[in-house]
Amino acid sequence: MEIPIPTLSNLHDAALHSKLQAAIDNKTKPPGSLGRLEALAVQIGEILGTDKPVLEHPQMVVFAADHGLTAQGISAFPADVSWQMVENFLAGGAAVSVLARQHDLALTVVDCGVNRDFLAGLPAGTQRPGLLVRKVAGVEHGTADSSQSVAMSQAQCEQAMCNGMALVRDLSGNALLLGEMGIGNTSAASLLLARLAGLDIELCTGAGTGLDAAAVARKCDVLRKVLALHADAMQPLDALAAFGGLEIATMVGAVMQAAAQRRVIVVDGFIASAAVLVAHALQPLVLQRCVFAHRSGERGHSLMLNALKVEPLLDLQLRLGEGSGAALAWPLLQSACAILRDMASFASAGVSEKSSSVVP
């Protein structure tokens, strides 16, 4: 199988950019007084190709999978928490569930490789509302232990990416918010950051779900051995297959497809950014479609944002994942669109503009 890497257009159309910038500059306010909200409005206008942007049917998608590396004791929580949290999402009790309801975001959970059969005992063909099962043959219960072998084969990695592309094609709307769940996935993200950004793994490794300092040091030792074992996995897809995880690979495909369809992509924290790091390495123009919701409290996230040369909207020291930061940032995107679309200009409101000369 070969992944069809989409050819993306460069969104920096000079004429459209000038039109958007002029529109935001001529609103009834001092130039630049709405700060980064103005740049956000221009970016969304460029993504959607209009100076009257409307965000329609936003889709929060939580990609979930298990990681074999958890056998090495790199997480504060047992692996069973992955499937238990998926059930919590589906029952509406998780943080992202609450925030999705608050902000009217359609919430879909994708089983990319959780060690659980969420359809067990149901009649054949039955679907559970809000759940998509997109497992990959041979790694239905999660990736292999990357300290012993590659997390998944190249073919399995490519299938996960294709699953992500296909599921986005079937979603309505023009905005995709990225979320994830998978005990052990901060380790996979740290490994991807270290390899693709050329950083020492100690700088990239944090507490994850709540490890103490000694446990973080042990985690770092494990990850250093994983990097050494897969020293030849230097290319983006080789690294993704070597380190995992299935939810990240599926998310990479989702990002690529959303970018090809000119959807606004709202990137959550460390894990979601790791998927974008891989997607960017494959197709740099995906970044033009991405809005980075927040700077995570996870140690490596600032380094990842620096590697991508992007600035997040919020810094609340979140480190929950799930898409919680993306949901919290969502109203800022709505406000940016409303300002660009609905706020009066000096001319339309009959308000005098700033004087061109200063009287002594």
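Predicted model: local features only at pLDDT ≥ 70, side-chain atom pairs only at ≥ 80, totals over all residues.
Me: Why is α5 called roughly perpendicular to α9?
Reply: Helix α5 (residues 154-169) and helix α9 (residues 236-243) pack at an angle of about 100°. Angles of 65 to 115 degrees count as roughly perpendicular. Therefore α5 is roughly perpendicular to α9. Their axes lie 9 Å apart.

Me: What makes the contact between α5 and α9?
Reply: Q154, C157 and M161 in α5 meet L237, D238, L240 and A241 in α9. The residues of this contact divide into 5 nonpolar, 1 polar and 1 charged.

Me: Why are β3 and β6 said to stand at the edges?
Reply: The open sheet has 6 strands in the order β3-β2-β1-β4-β5-β6, with parallel pairing. β3 (131-133) and β6 (290-292) each have a single partner strand, so one side of each is left without a neighbour in the sheet. From one strand to the next, the twist averages 25°.

Me: How do you know that strand β4 and strand β5 pair?
Reply: Pairing needs at least two bridges, and 3 bridges join β4 (residues 175-181) to β5 (residues 264-267), so the two strands pair. They run parallel. L176 has I265 in β5 as its bridge partner.

Me: What makes up the largest nonpolar core?
Reply: This core has 70 residues. Those with the most contacts inside it are F63, L178, L240, V252, V276 and F292. Helix α10 (residues 246-260) gives the largest share, 10 residues. Apart from this core lies another, of 43 residues, among them L40, V81, M85 and A336.

Key:
Residues numbered from 1 in each chain as written. Heavy atoms only, no water. Core = buried A, V, L, I, M, F, W, Y, C linked by side-chain atoms within 4.5 Å. Buried < 20%, exposed > 50% of the residue type's maximum accessible area, 1.4 Å probe, protein only. Helix = DSSP H or I, 4+ residues; strand = E, 2+ residues; numbered from the N terminus. Axes fitted to C-alpha atoms, helices over the stretch in contact; angles between N-to-C directions. Parallel < 35°, antiparallel > 145°, perpendicular 65-115°, else oblique. Contact = heavy atoms within 4.5 Å. Nonpolar A, V, L, I, M, F, W, Y, C, P; charged D, E, K, R; others polar.
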